[in-house]
Amino acid sequence: MSHGIVHTTFYFAVGQELVGSLPSLTSNFPFLTSVNLSFTRFRGTLPMDYSRLENLELQYNQITGAIHFGFFANAPSLRQLNIGSNIIVGTIPSDVGMASNMQYLYIFENLLGGQLPLSIY
């Protein structure tokens, strides 16, 4: 018996025409490692608790705001982040290099500016 804890590790809802703010999935699903909410219609900012995932795909939504400093520092397991084609502004935080397991970072078609942080090399 799980006593209320759900052992879901993957959550995919690609193209489901969901609306509203991005849900805080990781508090309800403590074993979650991979989330794909691409091609939905979620809006709002990138939740900090998503940084504990291994795979996060949020491309083609209406995510706004900046990538907060500390997101990558708190993401030791993050291997893939796809936040392409959203409305993300600002610069890539300098802590991006702290996501030591990062293999793929997709940030295309956003409103990001500035130089790539040295920590990414």
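Helices (H or I, at least four residues) and strands (E, at least two) are DSSP runs, numbered from the N terminus. On this basis the secondary structure of the protein comes to 1 helix and 10 strands, and their order along the sequence is β-β-α-β-β-β-β-β-β-β-β. The model is predicted, so local features need pLDDT of at least 70 and side-chain atom pairs count only at pLDDT 80 or more, while totals for chains, interfaces and linings use all residues. Residues are numbered from 1 along each chain as its sequence is written, and side-chain values use heavy atoms, with hydrogens and water left out.

The radius of gyration (taken over C-alpha atoms) is 14 Å, close to the 14 Å that the globule rule (2.2 Å times the number of residues to the power 0.38) gives for 121 residues, so the protein is as compact as a globular protein of that length. Along the principal axes, the C-alpha atoms fill a box of roughly 50 × 30 × 20 Å. The accessible surface (Shrake-Rupley method, 1.4 Å probe; for residues, only the protein chains shown count as cover) comes to about 6600 Å², and 57% of it belongs to carbon and sulfur atoms. Buried residues make up 37% of the 121 residues, where buried means under 20% relative accessible area, exposed over 50%, and partly exposed in between (1.4 Å probe, protein chains only). Contact means heavy atoms within 4.5 Å. Among contacts between residues at least 6 apart in sequence, 44% join residues at least 24 apart.

In soluble globular proteins, nonpolar side chains tend to be buried together. A nonpolar core is a set of buried Ala, Val, Leu, Ile, Met, Phe, Trp, Tyr and Cys residues joined through side-chain atoms within 4.5 Å. The largest one here has 24 residues, and those with the most contacts inside it are Leu 37, Tyr 50, Leu 56, Leu 58 and Phe 71. Phe 71 counts as buried, at 1% relative accessibility. Beyond its neighbours within four places in sequence, the contacts of Phe 71 include Leu 46, Pro 47, Met 48, Leu 78 and Asp 95.

Rings of Phe, Tyr and Trp (its six-membered ring) pair if their centres lie within 6.5 Å; planes under 30 degrees apart count as stacked, over 60 as edge-to-face and the rest as tilted. The structure holds 6 aromatic pairs. One of them is stacked, because the rings of Phe 39 and Tyr 60 have centres 4.7 Å apart and planes at 15°. This pair links distant parts of the chain, 21 residues apart: Phe 39 is in the loop between β3 (34–36) and β4 (41–44), and Tyr 60 in the loop between β5 (55–57) and β6 (62–66). The rings of Phe 71 and Phe 72 have centres 5.4 Å apart and planes at 85°, so that pair is edge-to-face. Phe 39, Tyr 60 and Phe 108 form one aromatic cluster. Phe 39 is partly exposed at 44% relative accessibility, as is Tyr 60 at 35%.

Gln 59 also lies in the loop between β5 and β6, and counts as buried at 11% relative accessibility. A polar contact is a pair of N or O atoms within 3.5 Å; within protein, one must be able to donate a hydrogen and the other to accept it, and residues adjacent in sequence count only if both atoms are side-chain atoms. The side chain of Gln 59 makes such a contact with the side chain of Ser 38, at 2.8 Å.
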